[in-house]
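My notes follow, entry by entry.

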Amino acid sequence: MTKRKTPEELRSHRWYGANDLRSFGHRSRTAQMGYNRDEYAGKPVIAILNTWSEINACHTHFRQRVEEVKRGIWQAGGFPVELPVQTLSEPFQKPTTMLYRNFLAMEAEETLRSYPADGVVLMGGCDKTTPALLMGAISMDLPAIFLPAGPMLRGNWNGVTLGSGSDSWKYWAELRAGTITPEDWQGIEGGIARSPGHCMTMGTASTMTSAAEALGFTLPGFASIPAPDSRHAQMAVHTGMRIVEMVWEDLKPSDLLTAGSVDNAVTTCLALSGSTNAVVHMIAVARRAGIELTLDRFDEIARCTPVLANIRPTGAYLMEDFFYAGGLRALLAELGELIDRSQKTVNGRTLGENLEGARIFNDDVIRRRTAALLPDSSLAVLRGNLAPDGAVIKPGAAEARLLVHTGRAVVFSDYNDMAARIDDEALDIDENSVIVLQHAGPVATGMPEWGQLPIPRKLLQKGVRDMVRISDARMSGTSYGACVLHVAPESFVGGPLALVQSGDLIELDVPQRKLNMLVSDEELARRKAAWIKPVPRFARGYGALHQAHVMQADRGCDFDFLQRGGAQASVDGVAGEGQAGEPEIH
């Protein structure tokens, strides 16, 4: 049996337990907040990192959920301290929440380091909040448990079930094509997002909360529960209770994260036909734990992982249906030997033990392996002279005819250029062309979700609904189409994508994992020699820090100075200098 910590071994004891002037200041200020010493003395102090805000629609219920987490912590004998951290609101934050993922990861890590936290509950769900919180908590390596926001309920418009994101793109194309009216569009707007929670399609949010569960960071089954469901509130209480025990057991992220648990998370993302964003996020999460997850490992696992989740945009259903069909536990159980069941999880049991008794209740929503939605390759990693360090595509979300395609490039130098010209009737483009967007990568502009490049209106009106599109951007997990993404190295730093010119022939061969521009090496060398480095977008502040230190997509877009090495050494630390009442540095 694992030795349990004593109260004197708690990290918070350094703040509260000593008989000196500093601890006097900590205790007196805690009394100022209305707490008696017996409410916290000798008890685990649990930080609750809450990403709630009034501009994050996905987390509107977190103001209530945090109270339920606190209730669980009190019941288990802990002392809860809510610490608000930056919210990353996918629908609102410009130019992209991806620019600020590392900001939140840093804030999470530094908040835990600088305050008397023995353990932490991570409250997230809206796309980048999940990887950011995990990255920070992994680097700090205190006992940590993740509370997923949960998906919203199904959308509805005139009897049609709507899925957030996916149906936005679908009906926006129809509006531009003239097949629905502005009044129809307004009705869709009012019915597509009608409850708290994140996107209920298999977007980045559900992909990453499911990955967090497969990694072992959530209580079993939590990631699938819709946000408004009363069972979500009940699990919040259990999460609060469990983190207190994790502190006494000293169960930390470093005890959960292994190459096997990371493979489990990758397999889960692929079996869900999850967001391509999972590639950059999972690589960053794994590297924080010192695990070298690569694009090639994603591709290797993809080749043997069937798609079992029949969820939009690849499939037909939504996350609410997925929960009623058995949820993530049922899908993981059906994956059988593709999942390493020996991996530890936050409840102290193995993943296999957590899957005992899991059942599929609707095998059209969660497919049996013998009737998989796709036999394999829900994601493919491409390489060639256009992407020497890799690019990704989601084959199941594209029209099959485009998976082997050669077409003439139509190049846009940046997003504004594309927005200005894409619907110009004089644009020299047809359905066989390849649309190319430059300067949308991590250094250029934070790598926004611009990768589902719009199809020109004149082609939409002819019935075209998919074309090959290539960029160094990302795309929403709710998006679809023959979109090649994450081209590395990006064009802004002189990658080959910067050298593509309109009229060049581009070859895409997904089965062979190839992406090439059919231009001679000599001509490419000439273009490279003539290339002029663009002026950086950010001149000051966090943006300047980001563009100076962000790594490329194939390395997870983390900051180069935040890789594993040195973070754990600062957890124990030594007392620092300062005035009485100020926190010590640990």
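**Cis prolines**

I began with Pro 95, which I found in the loop between S2 and H4. The model is predicted, so I am reading angles from a computed structure. The peptide bond that joins Lys 94 to Pro 95 is cis, with omega at about -5°.

I then looked up Pro 313, and there is a cis peptide bond here as well, joining Arg 312 and Pro 313 with omega of about 10°. Pro 313 sits in the loop between helix H13 (295–302) and H14.

**H4 against H5**

What angle do helix H4 and helix H5 make where they pack? I read about 40° between H4 (residues 98–114) and H5 (residues 129–140), and their axes are 7 Å apart. I noted the crossing of H4 and H5 as right-handed.

Next I listed who meets whom. On the H4 side I have Arg 101, Asn 102, Leu 104, Ala 105, Ala 108, Glu 109, Leu 112 and Arg 113. On the H5 side they meet Thr 129, Pro 131, Ala 132, Leu 133, Met 135, Gly 136, Ala 137, Ser 139 and Met 140. Sorted by class, this contact of H4 with H5 comes to 10 nonpolar, 4 polar and 3 charged residues.

A reminder to myself about spacing: an α-helix has 3.6 residues a turn, so residues three or four places apart point the same way. With that in mind, I went back to the H4 list and marked Arg 101, Leu 104, Ala 105, Ala 108, Glu 109 and Leu 112 among the residues that meet H5.

**The parallel sheet**

In what order do the strands of the open sheet run? I wrote down S2-S1-S3-S4, 4 strands with parallel pairing. Strand S2 (79–84) and strand S4 (144–148) are the edge strands, each pairing on one side only. From one strand to the next, the twist averages 20°.

H5 turns up again here, packing on the sheet and touching S1, strand S3 (119–124) and S4. The direction of H5 makes about 165° with that of S3.

I also checked the S1 and S2 pair. Strand S1 (residues 45–50) is joined to S2 by 6 bridges, and the two run parallel. Asn 50 has Pro 84 in S2 as its bridge partner.

**Two domains**

The domain assignment gives domain 1 as 43–153 + 195–355 and domain 2 as 380–530. Over C-alpha atoms, I have 32 Å between the centres of domain 1 and domain 2. Their contact takes 25 residues from domain 1 and 23 residues from domain 2.

**Helix H15**

After H15 comes Gly 336, with a positive phi near 60°.

**The S7–S8 hairpin**

Strands S7 and S8 form a hairpin, with 2 residues between them. Strand S7 (residues 380–384) runs antiparallel to S8, and 4 bridges join the pair. I noted one partner pair, Gly 384 with Ala 387 in S8. S8 (residues 387–393) is mostly covered, with 5 of its 7 residues buried.

**His 486**

This histidine lies in the loop between strand S12 (483–484) and strand S13 (505–509). Is His 486 buried or exposed? His 486 counts as buried because its relative accessibility is 4%, and the cut-off for buried is under 20%.

Leaving aside neighbours within four places in sequence, I found His 486 in contact with residues including Gly 390, Ala 391 and Val 392. The list for His 486 also has Thr 276, Asn 277, Val 280, Met 447, Ser 471, Asp 472, Ala 473, Arg 474 and Ala 553.

Last, I looked up two residues. His 439 is not a glycine, yet its phi is positive at about 60°. I placed His 439 in the loop between strand S10 (434–437) and helix H18 (442–445). At 23% relative accessibility, His 439 counts as partly exposed.

Cys 557 also has a positive phi, near 60°, and is a residue other than glycine. Cys 557 is in the loop between helix H21 (541–549) and helix H22 (569–572). With a relative accessible area of 3%, Cys 557 is buried.

Definitions and conventions: Residues numbered from 1 in each chain as written. Predicted model: local features only at pLDDT ≥ 70, side-chain atom pairs only at ≥ 80, totals over all residues. Heavy atoms only, no water. Axes fitted to C-alpha atoms, helices over the stretch in contact; angles between N-to-C directions. Left-handed = near helix turned anticlockwise from the far one by under 90°. Contact = heavy atoms within 4.5 Å. Nonpolar A, V, L, I, M, F, W, Y, C, P; charged D, E, K, R; others polar. Buried < 20%, exposed > 50% of the residue type's maximum accessible area, 1.4 Å probe, protein only. Pairing = 2+ DSSP bridges. Domains from an automatic or database assignment.
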